[in-house]
Amino acid sequence: MKTSNPVLARLGQAAERERSAGYAPTGPYGQPGIPQQYPSQAGYPVAPPTVAPMTVDDVVVKTVALLGILGVSAAAAWVLVPDALVGAAWIGAAVVGLVLGLIISFSRMANPALVITYAVVEGVFVGMVSKAFETAYDGIVLQAAAASFGIFFLMAMLYRAKVIRATPVFVKGMIAVMTGLFAVMLINLVLALFGVNTGLRDGSPLAIGFSLVCIVVASLSFVLSFKEIEDGVRMGLPQRYSWTAAFGILVSLVWLYIEILRLLSYFQGDD
């Protein structure tokens with residue numbers, strides 16, 4: 001099964017190597033795969049190894065699990081981290097989360113332990129950011145969380161109804177835009193550390209426009225995740241790759257939540 005996603009292409013190659021080594025998957029709906037011949041030992045036939053393929057249900061379960069872990073971690077950080085250390089914990093978790101995210105994104109193999117660790121670290125980051133914003137603007141966290149999940153379910157329905165499809169052009173365009181936004185945000189962060197205000201995060205009309213762009217792109221990034229899941233199931237990737245698919249959804253949700261949090265704070269700045 002061909003895919004325009006380079007990461008999935010690598011995962012597909014890994015799955016093909018597993019199949020050539022004796023992995024005979026069942027189909028995505030439980031139908032038997034293609035029989036293969038396996039050597040016998042001591043005159044007795046050896047049963048082929050069985051590795052369950054990834055399904056949509058697997059991804060849903062893993063995504064819910066990661067969200068639960070992130071929520072518990074965020075709540076623990078909110079309660080346990082002293083107010084004086086919120087900023088340090090925020091920055092530290094952001095840096096560690098970024099490193100882990102890059103490792104997971106560019107890794108050729110699914111690593112559930114690494115993905116779970118990422119969820120824990122991101123939980124600390126989300127908890128600290130949420131605590132800082134909630135302290136300044138009462139009720140903003142609940143509003144941002146409701147809006148984030150609302151957008152996620154809306155995008156899921158639009159994708160299922162085929163209103164939005166991840167065509168090759170769409171995928172390439174999204175990857176280019178997301179890479180550009182990441183570079184801009186990273187440069188802006190570095191400049192902010194040296195006291196340079198670019199106007200992208202200060203509540204100005206430019207900042208509002210930039211947050212709106214980020215929210216739109218973060219929302220559309222769910223389409224890429226849905227396409228990855230769809231292709232992964234069709235390619236017969238092993239079940240553990242559902243952790244990688246769930247990781248992609250988690251990243252988009254956290255990004256969307258943070259951007260909505262920022263945007264809402266701009267409109268409450270004068271209260």
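User: In this predicted model, how far apart are the end C-alpha atoms of residues 59-81?
Analyst: The chain over residues 59-81 is 96% helix and 0% strand. The UniProt annotation "transmembrane region", from an unreviewed entry, includes this span. Its end C-alpha atoms are separated by 32 Å.

User: What is the corresponding distance for residues 241-258?
Analyst: Residues 241-258 are also listed in that unreviewed UniProt annotation. The span is 94% helix and 0% strand. Its end C-alpha atoms lie 26 Å apart.

User: Are H2 and H8 parallel or oblique to each other?
Analyst: H2 takes in residues 56-80 and H8 residues 242-267. Their axes come within 8 Å and cross at roughly 50 degrees. Angles under 35 degrees would count as roughly parallel. H2 and H8 are therefore oblique.

User: Which hand does the crossing of H2 and H8 have, and how do the contact residues divide?
Analyst: The crossing is right-handed. On the H2 side the contact includes Asp-58, Lys-62 and Leu-66. On the H8 side Trp-243, Phe-247 and Leu-250 are among them. The contact residues divide into twelve nonpolar, two polar and two charged.

User: How many salt bridges does a search of the whole structure find?
Analyst: Side chains of opposite charge can pair when their charged atoms come close. The search of the whole structure finds six.

User: How many residues apart are Asp-83 and Lys-131?
Analyst: Asp-83 sits in the loop between H2 and helix H3, while Lys-131 belongs to helix H4. The pair links distant parts of the chain, 48 residues apart.

Notes:
Residues are numbered from 1 along each chain as its sequence is written. This is a predicted model: local features need pLDDT of at least 70, side-chain atom pairs count only at pLDDT 80 or more; totals for chains, interfaces and linings use all residues. Side-chain values use heavy atoms; hydrogens and water are left out. Axes are lines fitted to C-alpha atoms, for helices over the stretch in contact, and angles run from 0 to 180 degrees between N-to-C directions. Helices (H or I, at least four residues) and strands (E, at least two) are DSSP runs, numbered from the N terminus. Angles under 35 degrees count as roughly parallel, over 145 as roughly antiparallel, 65 to 115 as roughly perpendicular and the rest as oblique. A crossing is left-handed if the near helix is turned anticlockwise from the far one by less than a right angle, and right-handed if clockwise. Contact means heavy atoms within 4.5 Å. Ala, Val, Leu, Ile, Met, Phe, Trp, Tyr, Cys and Pro count as nonpolar, Asp, Glu, Lys and Arg as charged, and the others, Gly among them, as polar. UniProt positions are given in the numbering used here, feature names are shortened, and annotations may be inferred rather than shown by experiment. A salt bridge is a side-chain nitrogen of Lys or Arg within 4 Å of a carboxyl oxygen of Asp or Glu.
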